[in-house]
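This briefing concerns the structure shown below.

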Amino acid sequence: METIEATLAAHPFFQGMTPQHLAEIAACGRRVQFNADDFLCREDEEALDFYVIISGSVSVEIFSARRGPLTTTTVEEGEVLGWLWFEKPYHWHLDARARQVTRVVALGVEALKAKCEADRDLGYDLMKRYAHYLAVQFRVSKLQLVDMYGT
Amino acid sequence: MAPEPEKPTSRLPEPDGLLLPHLFRVESRHRETADTFTLTMTPSGSGSEWPFAPGQFNMLTAFGIGEVPISISGDPAEPQRLIHTIRAVGAATRHLCKLGRGDLVGVRGPFGTAWPVKEAEGRDLVFVAGGLGLAPLRPAIYHALANRPAYGNIEIIYGARSPQDMLYFRELKGWRGRFDARVHVTVDAAPPEWRGRVGVVTKVIDLARFDPPHTVALMCGPGVMMRFTVQGLMARGVEPDNIYVSMERNMQCGLGLCGHCQLGPVFICKDGPVFPFSRIKDWFAKREV
């Protein structure tokens, strides 16, 4: 079976990362498989993992008492899930549910933070990637807000 | 006997398609979404074909109400049927969307520039459509799929507000079912039963498979979408000369005479509606025009 390190090396989020940093991150990871309708996380739960989506599809949902779960975005193979695991109180803000069998590498947030503190080069590299990811998410969210297709 | 004085005769001028509309009869009307309909029409008088190039548009007359520019959305290989997809947003389009089998429509055209489907041969083709923007792209997609060996990868990216707002649903499924083209559909918001992607079109650009230096991108959709899609394509390395956009705004005469559609130095109806992005980039996002 492919090592977690090799799986991460092939993932777009970690593209170009040094083998040494990949090895450190892989040490925080474990493989998890979710079946359709399993929740990867629920609103207000503690954020224990940062998910690297290897295959499958996840819907990110906001629950409305009147309208039920509303899908705000989907996260697919090649993307990552986990918004604010660097920020207190380390709680999930939304629900995320597998839409089909979905395989991920779950990176333990506590271990990851410790690695970043111990190795600032690794921390900076990861933060740069994370900042880019967040910038893209913000841009996409703004476009969704303007209702581009409105007449 | 003196010859009878010649009677003055009045004859209707022959339709020329430029200033006088040809008459077409509605064969069928298909509801695409709550406010968007596709009319299939055939010539009512002389002539049995209406040849056009993918990307061109016609001026459609709703008699007694007005005239509107509408992109041709049918197959250029079937010029005997004229197909237009129309969203009911004003008096003339609302009237056109209510027409039924046998009703008459005036047609002037075809006008405007075409998608560069010939020039794109040998390249990867990326179609990016948003909302109603799939209608003017559909003839180019038909052409590309009918001439599939002439192109590299074909990627069709389509975004809509919701699953209910998608055009040509069955056709999208058909294209997706082919093994020689990839179709990416995304919506801005969806109910839980929607199994497709949720997110904006620009996010999908990164997933499309194409070789940027050898890619031609054809795009039509709302201005905001096109602006950000151009950025996304250029970030991946597609040259501005190889990005084509269809600008459809304020067209009224179709001949470049009235000036309503002027965008900087060009008239959309006469010089467009299809432009290489490099030609209009200075005017593309200008707020004052």
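How many residues does the contact take from chain B and from chain A? It takes 22 residues from chain B and 17 residues from chain A, two residues being in contact if their C-beta atoms, placed from the backbone, lie within 7 Å. This is a predicted model, in which local features need pLDDT of at least 70, side-chain atom pairs count only at pLDDT 80 or more, and totals for chains, interfaces and linings use all residues. Residues are numbered from 1 along each chain as its sequence is written, with chains lettered from A and ligands numbered from 1 in the order in which they are written.

**Contact side of chain B**
- On the side of chain B that touches chain A, α5(B) gives the largest share, three residues; helices (H or I, at least four residues) and strands (E, at least two) are DSSP runs, numbered from the N terminus.

**Sheet of chain B**
- Seven strands of chain B form an open sheet of mixed pairing, ordered β10-β9-β8-β7-β11-β12-β15; two strands pair if DSSP finds at least two bridges between them.
- The edge strands are β10 and β15 of chain B, each of which pairs on one side only.
- β7 (residues 124–130) and β11 (residues 215–220) of chain B pair in the parallel sense over six bridges, and B:Asp124 has B:Thr215 as its bridge partner in β11(B).

**Surroundings of B:Ile157**
- Not counting residues up to four places away in sequence, B:Ile157 touches B:Val126, B:Phe127, B:Val128, B:His184, B:Val201, B:Val204, B:Ile205 and B:Ala208.
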